[in-house]
Amino acid sequence: MAILLQLLLSGVALGMIYAVIAFGYQSTFATSGTLNFGQGEALMLGAMVGLSMAGNVAGGPYINYWAMIPIVLIFGALQGAVVERIGVRPAIKTKSEFGWIMSTIALGIIFRNVAENVWGRDDMPFPSPLPTDPLHIFGASVLPMELLVVVGAIVMMVGVEIFNRRSIYGKAVVATSTDRDAAGLMGINTGLVITFSYALSSATAAFAGVLIAPITLTGASMGAVLGLKAFAVAIIGGLNSGLGVIVGGILLGVAETTTGFYISTGYKDVPGLILLLLVLSVKPAGLFGKSVIKKV
Amino acid sequence: MASFRLRSLVAALALSTIASGFAADPIKIGLSGPYTGGSSPMGVSMRDGAKLAADEINKAGGVLGRPIQLVERDDEAKNERGVQVTQELINKEHVVATLGYINTGVSLASQRFYQEAKIPVINNVATGSIVSKQFLPPEHPDNYIFRTSCPDGIQSQMIVEEAVGRRKLTKIAILADSTNYGQLGREDLVKALAAKGVKPVAEEKFNVKDVDMTPQLLKAKEAGAQAVLTYAIGPELAQIALGMKKLGWKVPMIGSWTLSMGNFIDNAGAESEGARMPQTFIQEPNTPKRKAFIDAYLKAYHPTNDRIPSPVSAAQGYDSVYLIAAAIKQAGNTDGPKVREALENLKDKVDGVVTIYDRPFSHDNHEAITSNIPVIGEVKDGHVVYAYEEERKNPLRLEKH
């Protein structure tokens with residue numbers, strides 16, 4: 001029993017890591033129908049910038065972990081805005097179906113190379129703001145930092161939801177997601193809204209970066225695998241459902257840990273991918289997604 | 001950046017030609033390794049060690065009156081890039097010999113070309129058992145591939161000896177990554193355990209960049225493992241150590257020599273304490289030669305905390321240059337087959353950092369490291385030190401057993 005609980009807890013913690021990153025894919029897809037394939041790199045940059053300020057590299061730490069988070073959020077937002085302006089806007093303007101795919105991937109590679117040159121290519125430890133001794137719950141262990149990831153992910157998602165529902169700017173985002181052309185005719189600057197959604201997406205990714213870095217190690221290549229897994233989560237959960245990514249993330253995380261234990265660690269990635277294929281063939285919009293009929 | 005480097009290189013070359021005036025043609029030796037990427041701590045240490053040796057030899061007048069010139073190429077730990085580098089070193093740079101290779105895969109993919117061109121190669125870090133045995137008689141009358149690193153076969157025996165022989169543990173778990181390195185090493189460990197009549201209670205796999213080791217460790221824990229034997233590289237080894245702490249489970253971690261990598265020790269922090277691994281060299285000045293080497297390395301490259309990123313790679317890289325220089329000197333020219341023959345019959349002892357090489361190679365044995373040479377290292381206060389005092393007192397380890 002304790003083992004199953006341990007596997008579930010670890011799976012949920014891992015799943016929430018995926019969910020936080022997957023959340024970033026959603027916000028840009030909602031407003032512009034495009035995705036930032038450099039999401040993993042946005043996460044990595046956030047973690048690296050955070051490490052430079054709160055870690056003991058480059059003569060630091062300069063400020064503590066909590067004070068560093070707002071700065072990382074601002075950095076992430078700027079980085080996202082840059083991606084949108086350089087990579088995505090030209091593609092949207094020319095109504096290119098695929099331009100943004102290539103350009104966001106290209107920008108992701110550029111960011112990774114820059115990070116490799118600035119911070120080196122080695123993985124570094126990220127000092128944990130919470131005690132590193134595990135807590136014990138009914139015989140299963142969980143790290144305080146893992147709880148923080150779960151809490152942080154939920155707070156972030158609730159925060160974005162409140163912003164969308166309550167504030168006038170949030171309503172502009174929702175309007176743009178619903179119907180970009182109509183929103184434009186109503187006087188909403190949809191271009192700015194799309195830029196904002198990219199800023200929000202990268203800010204959440206950067207936040208996810210500093211949230212998970214104390215658990216995962218920090219390095220220029222940390223985003224690659226995580227970004228891909230999170231993409232699978234976004235597809236499983238549905239690209240337009242906040243609840244979907246949480247459920248999708250937990251499903252994938254728990255599938256990985258339980259398969260690893262009960263079947264074989266060599267096959268632990270397989271059930272998640274089978275789930276992905278199943279979802280794509282049965283409900284292509286994702287478990288919680290709403291199918292949108294595309295009129296051509 | 002690249003063009004600046006190129007320009008300064010050209011300028012330096014021009015200057016040195018002017019300075020030496022009628023200097024003899026340099027002897028070009030290829031140096032292939034990953035100077036960037038996850039394996040770079042090993043690649044860079046190997047390169048820096050080799051450069052130290054080449055500088056010393058050149059200051060002492062070079063070989064056959066000619067200076068040694070190391071032609072460094074970054075193989076990025078990628079097989080295809082390694083092959084490209086190989087073509088360039090053979091066909092464009094016309095190297096006399098090549099030293100290097102950190103990654104067994106790159107080494108296996110590249111060596112074919114040297115074998116065909118009859119140019120000797122000394123692997124100074126790659127440990128895969130098959131590395132020096134790719135071209136054996138009768139198909140290949142002469143093997144051009146040599147090695148100065150500790151093969152996995154010897155390492156796995158030492159790991160098993162430490163766990164089963166010395167500590168009398170019988171319930172053993174193996175954790176290895178899913179790369180060639182990890183899986184070939186796992187097979188070697190299983191074989192070495194079988195020789196002692198032990199069957200591992202758990203054999204688990206993980207991928208490079210995995211962030212959660214809970215299922216693997218839980219399986220080992222539930223099977224009642226008394227020790228975890230590892231075959232992986234630094235970052236994932238750190239995840240194992242941290243995962244053990246999370247599960248509140250502490251058993252000895254014993255594994256291949258990569259447990260000495262700086263990125264394991266730094267990332268695992270206090271959890272790396274006590275990890276044990278086979279080492280050919282430990283950064284401790286217990287012979288005059290070692291003291292000189294460590295001092296020269298620290299003076300030339302200023303590593304953080306005065307810790308060589310990968311002391312084993314640095315020492316083996318350094319020694320490989322002296323071995324090839326001795327062979328060229330004995331051969332009297334730089335002809336590939338002659339240099340190979342000289343390596344196989346080295347008349348003079350070569351005083352290296354790892355050991356004193358007394359006829360390290362023969363026609364049928366291309367492994368310089370025999371089972372008497374490596375020692376067991378242990379992580380202590382963030383440094384790798386000798387685990388056994390009697391091994392520290394016997395640094396050269398010449399008597400074979």
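How many Å separate the centres of domain 1 of chain B and domain 2 of chain B, taken over C-alpha atoms? The legends below describe a predicted model.

**View 1. The two domains of chain B.** The centres of domain 1 and domain 2 of chain B, taken over C-alpha atoms, are 28 Å apart. The domain assignment gives domain 1 of chain B as 27-150 + 285-369. Domain 2 of chain B is 153-279 + 376-392. At their contact, 14 residues of domain 1 of chain B meet 17 residues of domain 2 of chain B. On the domain 1 side, five residues are nonpolar, eight are polar and one is charged.

**View 2. The contact between chain A and chain B.** Chain A puts 22 residues into this contact, and chain B puts in 26. On the chain A side, α1 (2-32), α8 (190-216) and α10 (242-262) each supply at least two residues. The most come from α1(A), which gives five residues. The side of chain A that touches chain B comprises 10 nonpolar, eight polar and four charged residues.

**View 3. Helix α1 of chain A against helix α9 of chain A.** Helix α9(A) spans residues 222-237. The axes of α1(A) and α9(A) lie 8 Å apart, and the packing angle is about 70 degrees. The two helices, α1(A) and α9(A), are therefore roughly perpendicular to each other. The crossing of α1(A) past α9(A) is right-handed. From α1(A), the contact uses A:Tyr18, A:Ala19, A:Ile21, A:Ala22, A:Tyr25 and A:Gln26. Their partners in α9(A) include A:Leu226, A:Gly227, A:Lys229, A:Ala230 and A:Phe231. A:Val233, A:Ala234 and A:Gly237 of α9(A) also take part. By class, this contact of α1(A) with α9(A) holds 10 nonpolar, three polar and one charged residues.

**View 4. Helix α2 of chain A against helix α9 of chain A.** Helix α2(A) covers residues 39-54. Its axis and that of α9(A) come within 7 Å and cross at roughly 135 degrees. That angle makes α2(A) oblique to α9(A). The crossing of α2(A) past α9(A) is right-handed. A:Gln39, A:Gly40, A:Glu41, A:Leu43, A:Met44 and A:Ala47 make the contact from α2(A). On α9(A), the residues are A:Met222, A:Gly223, A:Ala224, A:Leu226, A:Gly227 and A:Ala230. The contact of α2(A) with α9(A) divides into seven nonpolar, four polar and one charged residues.

**View 5. A cis peptide bond in chain B.** B:Pro137 and B:Pro138 are joined by a cis peptide bond. Omega there is about 5 degrees. Most peptide bonds are trans. B:Pro138 sits in the loop between β4 (121-123) and β5 (145-147) of chain B.

**View 6. Positive phi at B:Leu64.** Most residues other than glycine have a negative phi. B:Leu64 has a positive phi, near 55 degrees, and is not a glycine. The loop between α2 (40-59) and β2 (68-74) of chain B holds B:Leu64. Is B:Leu64 buried or partly exposed? With 14 other C-beta atoms within 10 Å, B:Leu64 is partly exposed.

**View 7. Positive phi at B:Glu76.** B:Glu76 is not a glycine, yet its phi is positive, at about 55 degrees. B:Glu76 lies in the loop between β2 and α3 (79-92) of chain B. Is B:Glu76 buried or exposed? B:Glu76 has 21 other C-beta atoms within 10 Å, so it is buried. The cut-off for a buried residue is 20 or more.

Notes:
Residues are numbered from 1 along each chain as its sequence is written. Chains are lettered from A and ligands numbered from 1 in the order in which they are written. This is a predicted model: local features need pLDDT of at least 70, side-chain atom pairs count only at pLDDT 80 or more; totals for chains, interfaces and linings use all residues. Domain bounds come from an automatic or database domain assignment. Two residues are in contact if their C-beta atoms, placed from the backbone, lie within 7 Å. Ala, Val, Leu, Ile, Met, Phe, Trp, Tyr, Cys and Pro count as nonpolar, Asp, Glu, Lys and Arg as charged, and the others, Gly among them, as polar. Helices (H or I, at least four residues) and strands (E, at least two) are DSSP runs, numbered from the N terminus. Axes are lines fitted to C-alpha atoms, for helices over the stretch in contact, and angles run from 0 to 180 degrees between N-to-C directions. Angles under 35 degrees count as roughly parallel, over 145 as roughly antiparallel, 65 to 115 as roughly perpendicular and the rest as oblique. A crossing is left-handed if the near helix is turned anticlockwise from the far one by less than a right angle, and right-handed if clockwise. A residue is buried if 20 or more other C-beta atoms lie within 10 Å of its own, exposed if 12 or fewer, and partly exposed in between; C-beta atoms are placed from the backbone.
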